[in-house]
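Here are my notes on this one, in the order I'd go through them. Have the viewer open alongside.

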Amino acid sequence: MSEKKFSKKHEWVSLEGDVATVGITKHATEMLGDIVFVEVPDAGKSVEKEGQAAVVESTKAASDVYSPIAGEITEGNKSIADDPGSVNSDPEGASWFFKLKIKDKGEFDSLMSKDEYDKFCKENPN
Amino acid sequence: METQKTALYNYHKNLGAKFVPFAGYEMPIQYKDGIVKEHISTRTHAGFFDVSHMGQFFLEGDETLTEALEKIIPADLKSLKINHSKYSFLLNNDGGIIDDLIVTKTEKGFCIILNAACKENDIKQISQFLKKNHKYLLNNDLSLIALQGPKSVEILEKLVQGVSKLKFMTGNNFNYDGENLYITRSGYTGEDGFEISIPNKKVEKLIDFLISNKVKPIGLGARDTLRLEAGLCLYGHDLNEQINPIEANLKWAIAKKRKEVGGFNGWEKIKNLLINGSDKIRVGIKPDGKIIARESTKIYSSDDNEIGFVTSGTFGPSVNAPVAMGYVKSKFAEVGTTIKLEVRGKKYGGKISQLPFYKKSYVK
């Protein structure tokens with residue numbers, strides 16, 4: 001079973017072997033509101049730790065999605081680009097944003113656990 | 001300046017509103033349902049909007065008041081019948097739009113609804129033309145509620161008999177619970193509906209009634225998507241003092257007689273533009289695919305010359321596609337012209353589109 005970690009920028013990451021799956025948290029979707037546009041990265045693109053990797057737009061505004069871990073993109077989730085609203089309905093399941101091959105597992109380990117993230121959200125409601 | 005609140009602030013809070021600062025007021029941007037659901041429920045049933053932050057400006061005077069206002073407003077106020085309304089503007093000396101507004105003829109003079117962010121300056125600009133015998137008042141004891149959507153008429157008729165007889169852009173006084181309401185058949189969503197001017201002390205009771213009739217509260221977020229789909233301008237975005245009504249593609253809102261005779265701020269400039277056309281003009285824009293071209297997005301011709309910029313852009317829930325408005329060089333303004341939109345450094349295709357994006361259903 002893969003382990004799930006969270007970033008302060010409201011991304012979640014699950015790791016299987018050296019491939020991480022990244023998406024945005026339910027809390028993030030609640031802050032964003034109705035999601036109407038998603039842009040995911042193409043395979044082969046390199047991303048830095050906390051570098052911009054994808055775009056999510058709600059009716060209100062556009063926001064960047066960052067990769068909490070450095071690596072090389074192996075797949076962007078085209079199905080959420082076709083159906084952006086699905087990110088609202090299943091943000092932490094089928095509506096992941098991208099997968100990447102990571103270099104340094106230490107970056108994953110340093111992210112927040114579920115409990116730490118929930119506490120972080122409570123302390124930083126906006 | 002301290003942030004102001006409308007009489008319904010606590011009511012909004014109890015309805016689960018998320019607030020944003022807007023034009024010096026703390027206003028709901030959305031409620032629990034979110035922008036898309038609020039938008040759709042306005043189009044399919046009815047929604048109410050607290051627009052009490054807008055200025056309700058009352059003027060009283062004789063025919064010299066009409067003459068004074070016609071110097072800054074290019075509507076045919078002399079011919080405006082009592083209880084009839086017109087969409088118009090305040091113009092500066094260069095024909096630039098100081099504000100866009102709705103002016104209604106009343107028995108004693110006029111009532112003008114002003115944008116919240118502009119109202120202080122508007123009154124300064126208008127009062128320059130007023131004489132000692134003209135009275136004016138920005139009435140802060142009144143709330144303004146917009147009720148919009150296809151079910152608005154049958155719902156409001158239950159509470160205030162006779163409103164169903166009002167035609168679009170007309171109004172009248174009605175009695176409600178011992179108080180006078182001034183109700184116009186108007187709005188800014190592309191739907192049939194009403195704007196209700198009501199004493200602050202009665203507004204919660206009116207909203208109780210609307211909510212008991214399944215009318216949803218609608219925030220500024222859905223107000224923006226609704227008005228944009230209806231092709232209507234938002235002051236401070238699509239209109240400002242550097243833009244005149246010809247460029248804004250709003251020449252229909254200048255009365256025919258006034259175009260010919262003039263006598264208002266900026267007429268020389270506007271007369272010239274009416275004959276020769278303007279260099280740039282406001283158009284509707286439909287981006288290809290799902291890309292959203294927001295305010296300030298640069299617009300390019302198909303051969304990559306910069307030709308304009310977006311002034312409003314969002315996702316249109318009823319159109320089920322992104323929609324935008326902006327200004328382009330006039331030769332690129334024809335409906336169907338292929339353009340490019342630069343979003344996050346990349347160019348995406350789009351087309352000049354007819355306005356409105358969503359067909360209106362006003363009761364004429």
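**Notes on the sheet and the interface**

1. In chain A, β4(A) and strand β6 (residues 51-58) run antiparallel and are joined by four bridges. One residue to look at is E39(A), whose bridge partner in β6(A) is V55(A). Strands here are DSSP runs of E, at least two residues, numbered from the N terminus, while helices are runs of H or I, at least four; two strands pair if DSSP finds at least two bridges between them.

2. A word on ground rules: this is a predicted model, with local features needing pLDDT of at least 70 and side-chain atom pairs pLDDT 80 or more, while totals for chains, interfaces and linings use all residues. Residues are numbered from 1 along each chain as written, chains are lettered from A in the order written, and side-chain values use heavy atoms, without hydrogens and water.

3. Those two strands belong to an open, antiparallel sheet of three, ordered β4-β6-β7 (chain A). β4 (35-39) and β7 (62-67) of chain A are its edges, each pairing on one side only.

4. On to the interface: 14 residues of chain B are in contact (heavy atoms within 4.5 Å) with 16 of chain A. The buried area (accessible area, 1.4 Å probe, lost on being put together, summed over both parts) is about 1300 Å², with carbon and sulfur atoms giving 51%. On the chain B side, K290(B), R294(B) and R344(B) lose the most, together 44% of what that side buries.

5. How many salt bridges (Lys or Arg side-chain nitrogen within 4 Å of an Asp or Glu carboxyl oxygen) cross between the chains? The rule finds two. E57(A) forms one with R344(B), the closest N and O atoms being 3.1 Å apart.

Definitions and conventions: Buried area = accessible area lost by both parts, 1.4 Å probe.
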